[in-house]
Amino acid sequence: MTELQAEQASKVLDNSITKSKPRPNRDALIALAVFVVLAVLPMLTSSKFLLDFVIRCAAYGLFATSLNLLVGYTGLTSFGHGMFFGLGAYGFGLMMQKTGVAVPVAFVATLAITFVVALVIGAICVRLKEIYFAFVTLAFQMLIHSTILSWVSLTGGDQGLRGGIPRPPFLGIDLSNHLHLYIVSCALLVIGLFLMHQIAQSPFGYTLRMIRDNATRASFIGIDVWRAKLTIFVLAALFASTGGIIMALFVSGAYPEFAYWTISGEGIFINMLGGVTTFLGPMVGTALFLILNDTVTRVTEYHGIVLGIVILFFAIGLRKGLMDFVIEWYVQRRERSGGRAS
Amino acid sequence: MTRTRKPGISRRSTLALMGAGAVTFATPWVARAQAKTIKVGMPTILSGRVAQLGTSSRNGVMLEVEKVNAAGGLAGRQIEMVIRDSKGQPQEAARVARELVNTDGCELLIDAEASSGAFAVHEVARDLGVLCIHTNSETSSLTADPKQHIPNGFRTARQGVHDSIVGGSYAAAIAKAKGLKRWATCSPDYAYGRDTTGEYVTYLKRFAPDVEIISESWPKLFQPDYTEVVTKILQAKPQALYSCLWGGDLTSYIDQANIYALFAQMEVFAVNMADYTALTVVKNLPKGIHSGNRYIKTYPATAENAAWGDAYKAKYNEYPTNWSWENATAIMLLAEASKKANSADGKKLAEALRGLKIKSPFGADGTVTMRAEDQTLIGYAIGWGTTIPQEPYVPEVKAGDWKTILELEAEWKKSKGYT
């Protein structure tokens, strides 16, 4: 999408959002309701396909939404966001395989590792702008990918982490039970989205939008642009890492492909599908992407052509994500009905 | 009043979208309603650089499935293959495998994935308990490592360690006879390349202790230009060269090394040469390259094997690959196991498969065996020979000795701490 259109779309959006002040309580209630709906889903259907689908949605959704914090909210187009997805999967998998600590400990420790790595990489990358930022993040991603490939004694090289990820039960939760894994994935997804929404709606979130629109102005009114960018880079990495952990649990392993540039590419594609101007755009994009992927690979082995055409259609034809259309349609409808009323 | 189309999503398209969504989720239940046939799921790689792995695996499977179905199926149930592309991504392989079992109602899995994908599918098999036969992964640890062992996981592929033992002893005999002491290696830089080369050198040195490796090259997988590697080897002036490059990498390597007349200057041992994917593609196949057999219809030199190769060629208009026979073997074993168990139930089939010995065109002595202890294939034809530029490409193959292979394999397992 062009910058102009992005701006127009975000204006439409900001109008609709600024009218409603951030209301964490209401958001928490919505999150809780969504979680309850997802949690009772297995009781309504016996489809394991649906459960698998939601688990993968959780993994990719957290990843894509966190990428949108960078791309959509801050204007940092990262081509290397997949490295944190891979880092989460490997960090968690290795921790469980090698040390045998409890799942929550490994979870927190993985996030801590991601925090440190993202801080170092971010400190170098966020000084750069646009294409330079994109390329340096890509370079770091390939560095991590190559490290995974070459450090065979630790990571298993291109064979990945073999032998399954052990998951001792904790607090009555047994992640080797698929239903428990599903519930935990849903919980992580909902909590992750809730937290990211709070970030996006906070004064800090609006600072990010300002940096996106005019970084110079932001620095003139006293905002430390570098620090703000670094903060969101690290935060986004943490959520991407959580997505990676869910994926590692789903496949019971970690593979170098998780840290490859194609994962980052899929993240960007998801954002294009769903739209970067709304908070839920990437989530809608994730569902759309996974449905597309699953149905197309079912039907044909020439899925590359089909997915390519869809990308072209969105990039050149629509120039917007699906959620952008939904929001525009909603706003127009409201305006029309408002006009009629007056 | 003029009626103009309202912008945004119309009611009709909303309905259409909802309908499409419903169909997406409802398909599984429709599919499950069919009975009697037994569905066999097969995740494999059908797109990308190694798509040939998937297509030739599929061909090998379909050739046998047709025969089994014509003969009444698995315990009276016709086999229906559900074959899906994983794009070579492990997470997709896992996803596809789960979907095949959970949604499409597949009762058995043929895992025709390579390397990491096979381990991902193995975890799915562990989780779901479905009978799973790995047909393409040659990584020894998949079945040798007791941590990997699951009662429902089998392998009908050859194994890296078997190849290394046979290759090492074959090369050592020639090294002694011709006095080849200075060796170079050139293998792709990933787990398969590193492991296979390491094991090969171990066994070569074991049988011919005065061999030394004077140069090692590790080109990247799918590297287009080998000039640097070729000149490095030529400068080191080894007497012999070992390589486990395969497929397109091997053929481009040979084409480029031919320009430097590399093959006239040293003995070359290329384990993956004697496969039609490489033999038929190389522009000027040099005479006298030593190679292990992958699939070649002249070895084992039996009428059954030649007939199988010709039948495949007649049906698909290309020769079988190593993957073809490995996948065909999986179906042959399943068919025999179902006769023995008189059932197509996964658990009973698994029980019947353990230790099952069947007649096979690919057997060293006309039979192959699914070894009970680690559920992997033994007794398949394995040997080395030298190439000639035209058919039959590798006229004489010196057979590996399975007694030695098994002895050394047991020793290798012990050294790895597997037993």
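In which helix of chain A does A237(A) lie? Keep that in mind as we walk through this predicted model.

**Stop 1: A237(A).** Select residues 225-251 of chain A: this is helix α11, and A237(A) lies in it.

**Stop 2: chain B as a whole.** Switch to chain B, where you will find 15 helices and 16 strands. Its radius of gyration is 24 Å, close to the 22 Å that the globule rule gives for 419 residues, so chain B is as compact as a globular protein of that length. Along the principal axes, its C-alpha atoms fill a box of roughly 90 × 65 × 45 Å. Buried residues account for 54% of the chain.

**Stop 3: strand β15 of chain B.** Select residues 383-386 of chain B. In a regular strand, side chains alternate between the two faces of the sheet. Here G383(B) and G385(B) are on one side, W384(B) and T386(B) on the other, and all are buried.

Next, bring in the partners. Strand β11(B), residues 290-295, pairs with β15(B) in the antiparallel sense over 3 bridges; look for S291(B), whose bridge partner is G385(B). Strand β16(B), residues 397-399, also runs antiparallel to β15(B) and is joined to it by 3 bridges. There, K398(B) stands opposite W384(B).

Conventions
Residues are numbered from 1 along each chain as its sequence is written. Chains are lettered from A and ligands numbered from 1 in the order in which they are written. This is a predicted model: local features need pLDDT of at least 70, side-chain atom pairs count only at pLDDT 80 or more; totals for chains, interfaces and linings use all residues. A residue is buried if 20 or more other C-beta atoms lie within 10 Å of its own, exposed if 12 or fewer, and partly exposed in between; C-beta atoms are placed from the backbone. Helices (H or I, at least four residues) and strands (E, at least two) are DSSP runs, numbered from the N terminus. Two strands pair if DSSP finds at least two bridges between them. The radius of gyration is taken over C-alpha atoms; the globule rule is 2.2 Å times the number of residues to the power 0.38.
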